[in-house]
Each structure stands twice: as structure tokens, then as C-alpha cells.
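I am opening this notebook to keep track of what I look up as I read the structure for the first time. The entries follow the order in which I checked things.

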Amino acid sequence: MVELMRRIHTRHPDVQFLVACYRDKFQEYTLRSIKAEHADLPIYWFVGKTPEIIEIADCCLMVSGPVSLEILARKTPSAMVYRIDWVMALLKWAGGLRVKYISLPNLMATVAGNLFELRQVSGLR
């Protein structure tokens, strides 16, 4: 994710990155692992400010499923980032792993759409 931040910052030096941390421990972990090595990037950490950050953001990059519902509710453009282990990568590469959607809002919309179609076909109200 930091490499993506670096690429964005290279093209758009005025961009700031606000990192919403759910817990103090996550903030401590990310500060230790990112801050020292990437001190040149304008990254700011906040605990317990997720709704406020989503509200003021032009766009969001997220790693969590539940936060996607908050982002969806505020209609903030976003992208989901997943880290997969080597087994999943191998399955994907071999063609054995195929999913149309993986983020929570897309899965919910697909289920809702399928239920709506089933209702239409069956004549249920």
C-alpha cells in the first residue's frame, strides 16, 4: 500500500494520506513499520476518526470489509486492497480461483439482485 501511496504522491505531490486506525495498537504498528522508512510521504494517522476521514476524503483506499459499508453510505469513491498468501496466488494463477466480486457492498448487491430476480420469476411479493 505504501508503494501505491508513493506512486500517487509522485504524480500528485499535493495529496495527503489520512490513515484511519481502528485501534491504538494498529496505529503503533503502522507508525513503526511505515513512518521511519517513508518519512518523506505526507501520511497522518488517526484513531477513532474513520467516519470523519471518509467524509472529507476525495477517495479512499481500504483494506477492511466492514469499512466499505461506511464508504458506500457516504458515496466516497474507493478501491479495496487485499493481500493474499502464496496458496491463493497460485490458485489465481492456475485459474482455479475465480470470483466476480470480493468486496462486501458488491457481494451484498449481488445477493440482493439475485433475490429480486428470484422474486420476479417466482411471482412472490
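Before I ask what packs against what, I note that contact here means heavy atoms within 4.5 Å. I also keep in mind that this is a predicted model.

Entry one, helix H1. I looked up which residues of H1 are buried, and found Val 2, Met 5 and His 9. These residues cover an arc of only 55° around the axis, which puts them on the same side of H1. An α-helix has 3.6 residues a turn, so residues three or four places apart point the same way. Turning to the other side of H1, I found Glu 3, Arg 7, Thr 10 and Arg 11 exposed. I then asked what the buried residues of H1 pack against, and the partners are strand S1 (17-21), H2 and S2.

Entry two, His 9. Within helix H1, which spans residues 2-11, I located His 9, and its side chain reaches the backbone oxygen of Pro 13 at 3.2 Å. Setting aside residues up to four places away in sequence, I listed Val 15, Phe 17, Leu 41 and Pro 42 as the residues that His 9 touches.

I found His 38 in the loop that lies between helix H2 (24-35) and strand S2 (43-47). Is His 38 buried or exposed? I noted a relative accessible area of 11% for His 38, and buried means under 20%, so His 38 is buried. Apart from neighbours within four places in sequence, His 38 is in contact with Val 2 and Arg 6, and its side chain makes a polar contact with the side chain of Arg 6 at 3.0 Å.

Technical notes. Residues numbered from 1 in each chain as written. Predicted model: local features only at pLDDT ≥ 70, side-chain atom pairs only at ≥ 80, totals over all residues. Heavy atoms only, no water. Helix = DSSP H or I, 4+ residues; strand = E, 2+ residues; numbered from the N terminus. Buried < 20%, exposed > 50% of the residue type's maximum accessible area, 1.4 Å probe, protein only. Polar contact = N/O pair within 3.5 Å; in protein donor to acceptor, adjacent residues only side chain to side chain. Arc of directions from axis to C-beta.
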